[in-house]
Amino acid sequence: MSRKIVFGVLLAAWMTVGASGWQGRSVRPGKTGGAPADPTEAILKNHSRLDVDGDGIFEIDELSMIDRAPASCDPNADLVVVFVEPRLLDLPSGRIAGRSGAAQDFLDRLDRFQKDLAADGFPNHLVRAKVYNGIVHQDGRTVIAFRRLLKAFRGKFPNLRGAVFVGSFPEPMIARKWVWKRSAKGLNIGGKDCPANGEYVRIVPEIISERSDLVLADLTGPWDGLYQKGPLSVEAIEAVPEKKLA
């Protein structure tokens, strides 16, 4: 897993990955027209202090809304959730208060971003998200925890369109093992000589994405079960076939 200062956006991906059949219309915040109550607060409460594997360490420690102009989002709206790292807010409780200098400038820019999203047809909430940042390697589990959180949002907001992460949040690295047919070129594999014009099979792990949004964008895939905690030793195989490869 890699952990860097990022401004990550997952918008278009949800429109194509595991999200067929969406028919929602955009609804501006504050204009619910008698729609059901906004379930966001309940979702955040249910996923604060989230411990995915039951080891007593919370992958998500705290979640709270930080909208400075509170508004309710229709559950049928094209919702976007913006997660903000607490260090950028410099607020111990998540409540927005008067600030000067860089902190105030950052809050003002968040306000403008929130309004611009809404103006483009994406009602949204700003969420203060405090995640685990200790000495135990928990980055992968934190990503899995956010999958559960986003799936909960998707369950209540069927037209959930994406998420934005502002600050330092864990990111998944994706690796795979692939079978390659290679020219032997006189190699010796496992004590067996390969003819210069022969072939051999190579099955080795390779990183295909240092930073991927697929794990969070694909909310229907089996990513929870695919996660492997690092460091991890993965077997590599080189083999000479007894018969010529097809």
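The following questions and answers go through the predicted model of this chain, from its overall make-up to single residues.

Reader: How many helices and strands does the secondary structure of the chain come to?
Author: The chain has 246 residues, and buried residues make up 42% of them. Its secondary structure comes to six helices and 10 strands.

Reader: What percentage of the contacts with a separation of 6 or more is between residues 24 or more positions apart?
Author: The count takes the contacts in the chain whose partners have a separation of 6 or more. Among these contacts, residues 24 or more positions apart account for 81%.

Reader: Which residues have the most contacts inside the largest nonpolar core?
Author: Nonpolar side chains tend to be buried together in soluble globular proteins. In this model the largest nonpolar core has 30 residues. Those with the most contacts inside it are Phe83, Phe146, Leu149 and Phe153.

Reader: Which element gives the largest share of this core?
Author: At least two residues of the core come from each of α1 (40-47), β2 (60-65), β3 (80-84), β4 (124-131), α4 (139-156), β5 (162-171) and α5 (214-217). The largest share is seven residues, and its source is α4.

Reader: Which residues does Leu149 touch, not counting those up to four places away in sequence?
Author: Leu149 is among the residues with the most contacts inside the largest core. With residues up to four places away in sequence not counted, Leu149 touches Ile43, His47, Ile60, Leu63 and Phe83.

Reader: At what angle do α1 and α4 pack, and are they roughly parallel or roughly antiparallel?
Author: The axes of α1 and α4 are 10 Å apart, and the packing angle is about 155°. Angles over 145 degrees count as roughly antiparallel. The two helices α1 and α4 are therefore roughly antiparallel to each other.

Reader: Is the crossing of α1 and α4 left-handed or right-handed?
Author: In α1 the contact involves Thr40, Ile43, Leu44 and His47, which meet Arg148, Leu149, Ala152, Phe153 and Lys156 in α4. The residues of this contact divide into five nonpolar, two polar and two charged. The crossing in which α1 passes α4 is right-handed.

Reader: Is Arg49 buried or exposed?
Author: Arg49 is found in the loop between α1 and β2. Its phi is near 55°, a positive value in a residue other than glycine. The cut-off for exposed is over 50% relative accessible area. At 53% relative accessibility, Arg49 therefore counts as exposed.

Reader: How far apart in space are Asp61 and Asp51, C-alpha to C-alpha?
Author: Asp61 is found in strand β2 and is partly exposed, with a relative accessible area of 23%. Its contacts, leaving aside neighbours within four places in sequence, are with Ser48, Arg49, Lys130 and Val131. Asp51 is 10 residues from Asp61 in sequence, and the C-alpha to C-alpha distance between them is 8.6 Å.

Reader: Is Val215 buried or exposed?
Author: Val215 has its place in helix α5. Leaving aside neighbours within four places in sequence, Val215 is in contact with Val143, Arg147, Pro172, Ile174 and Trp223. One of these, Arg147, is 68 residues away along the chain, with the two C-alpha atoms separated by 7.7 Å. With a relative accessible area of 7%, Val215 is buried.

Reader: Which residues is Trp180 in contact with, leaving aside its neighbours within four places in sequence?
Author: Trp180 is found in strand β6 (residues 174-183), and at 36% relative accessibility Trp180 counts as partly exposed. Trp180 and Glu238 are 58 residues apart in sequence and 9.5 Å apart in space, C-alpha to C-alpha. Leaving aside neighbours within four places in sequence, the residues in contact with Trp180 are Tyr200, Val201, Arg202 and Glu206.

Reader: How far apart in space are Leu117 and Val80, C-alpha to C-alpha?
Author: Leu117 lies in helix α3 (residues 101-119) and is buried, with a relative accessible area of 9%. Leaving aside neighbours within four places in sequence, Leu117 is in contact with Val80, Val82, Phe122 and Asn124. Leu117 and Val80 are 37 residues apart in sequence, and their C-alpha to C-alpha distance is 8.2 Å.

Note on methods
Residues numbered from 1 in each chain as written. Predicted model: local features only at pLDDT ≥ 70, side-chain atom pairs only at ≥ 80, totals over all residues. Heavy atoms only, no water. Core = buried A, V, L, I, M, F, W, Y, C linked by side-chain atoms within 4.5 Å. Buried < 20%, exposed > 50% of the residue type's maximum accessible area, 1.4 Å probe, protein only. Helix = DSSP H or I, 4+ residues; strand = E, 2+ residues; numbered from the N terminus. Contact = heavy atoms within 4.5 Å. Axes fitted to C-alpha atoms, helices over the stretch in contact; angles between N-to-C directions. Parallel < 35°, antiparallel > 145°, perpendicular 65-115°, else oblique. Left-handed = near helix turned anticlockwise from the far one by under 90°. Nonpolar A, V, L, I, M, F, W, Y, C, P; charged D, E, K, R; others polar.
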